[in-house]
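Please read the points below with the model open.

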Amino acid sequence: MIDPKTLRDPLRYAIGRRQVLAAAAGLAAAATPLARAFAKETMTVADPGGAWTGPCADAFVKPFEKEAGVEINHIARQHYPSVEIKANVETKTYTWDVVIATDADVNELSPQKLLEPLDWSGEDMAQIMPEARKPGWLGSDIYATIIAYRTDKFGKNGPQSWADFWNVEKFPGRRAMHKHPIDMLEVALLADGVPKDKIYPIDMDRAFKKLDQIKPHVDVWWTGGAQTTEMLQSGEIDMIPTWNARAQVVIDAGKPVELSWNQGIYALEGWVIPKGDPKVELGKKFVKFCANAKRQAQFASLLPYGPTNPRAYDHIPKERAKYLPTAPDNFKLLLQSNTEWWGKNKEKAIERFNAWLLA
């Protein structure tokens, strides 16, 4: 309580008040390092968004936060992150600390030394399949580009091949295609009758000639996986090339949608850390965390992409496993994307594809 005598003496009150404020400021300054000492470390993790985000949070992000005692800013990134990763490294301004990138992205980024090397020690990392192991990349799942279609339009007899997708007379309806050359060049060649084992190296002249045929019949050029899920769910389109899990979540929601695995194209995606990232050590721990078989099994059970730790199958229900790209009946129908070819030719293909879209 302030002394009444002090109130009668303004000078004494002013001095006393200054002392109190100075003391309070001193206490606040002393408390700041203490607060910092107990503040949780933070990190930003980016995934492809849409249907990916919930399973990623449940299987990887939230358990890691709890185990490591950290806070994660979990966000969605652009579809292909290679351009932003390069910009982050060059400017040393990091949008993400850990981000999902495809093996094609990695084949582009690694030669430019834009990725941090990972810590490959430990049992979980040793169990990862060889195709998912690169110095700066842990492949965490296997996905496939397939044909999805609405059964309320076609019944169970929808398009079963890329030649069917191109056949606008037999299969009339609203079509969407990916606004990106990866996979679209391959499916054009498959539609033109090129055998799976002759797709690479891609004959771009032939692919674009075939794309010319379907271009007038494409109603939507999509740019992200979440968009394909929304269009399938709403019935905005009748058929679409998309990633298998983006269609499966619509099927699981009870919508009239089916997918065809025939002539699908599979690839891998996984975790990278941009070179020079200030949270690199914490990022490496998170990546290791995502290699665990049980965690990958949980992710695959929530979003049907194949795990890269083979021991995950010990924990995936058989009923769910049959919807994964890696299920034997599905996998035998698929073509593997040649990410080495794309790593060398992506920039040229994108430039030509974008010019073709505008022509």
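1. Gln 263 is found in strand β9; strands (E, at least two residues) and helices (H or I, at least four) are DSSP runs, numbered from the N terminus. The phi of Gln 263 is near 65°, a positive value in a residue other than glycine. Gln 263 counts as buried because its relative accessible area is 17%, where buried means under 20%, exposed over 50% and partly exposed in between (1.4 Å probe, protein chains only).

2. On the source: this is a predicted model, in which local features need pLDDT of at least 70 and side-chain atom pairs count only at pLDDT 80 or more, while totals for chains, interfaces and linings use all residues. Residues are numbered from 1 along each chain as its sequence is written, and side-chain values use heavy atoms, with hydrogens and water left out.

3. Lys 92 also has a positive phi, about 60°, although it is not a glycine. Lys 92 sits in the loop between α4 and β3 (98-102) and counts as exposed because its relative accessibility is 65%. Most residues other than glycine have a negative phi, and most peptide bonds are trans.

4. The peptide bond from Tyr 200 to Pro 201 is cis, with omega near -5°. Pro 201 lies in the loop between α9 (184-191) and α10.

5. Arg 206 belongs to helix α10 (residues 204-214) and is partly exposed, at 37% relative accessibility. Leaving aside residues up to four places away in sequence, Arg 206 touches Leu 189, Asp 192 and Val 194 (contact: heavy atoms within 4.5 Å). Its side chain makes a polar contact with that of Asp 192, at 2.7 Å (a pair of N or O atoms within 3.5 Å; within protein, one must be able to donate a hydrogen and the other to accept it, and residues adjacent in sequence count only if both atoms are side-chain atoms).

6. Which residues lie nearest the centre of the largest pocket? They are Ser 82, Val 83, Glu 108, Lys 346 and Ile 350, out of 24 lining residues. The elements giving two or more residues to this lining are α4 (82-91), α5 (103-109) and α17 (339-358), and α17 provides the largest share, 6 residues. A pocket here is an open set of points on a 1 Å grid over the protein atoms alone, with protein on both sides within 12 Å along at least five of seven lines; a cavity is a set where a 1.4 Å probe fits but cannot get out, and lining residues have an atom within 4 Å of a point.

7. The largest cavity is lined by 14 residues, with Tyr 143, Ile 182, Asp 183, Ala 267 and Ser 337 nearest its centre. Among the elements giving two or more residues to that lining is β9 (257-272).
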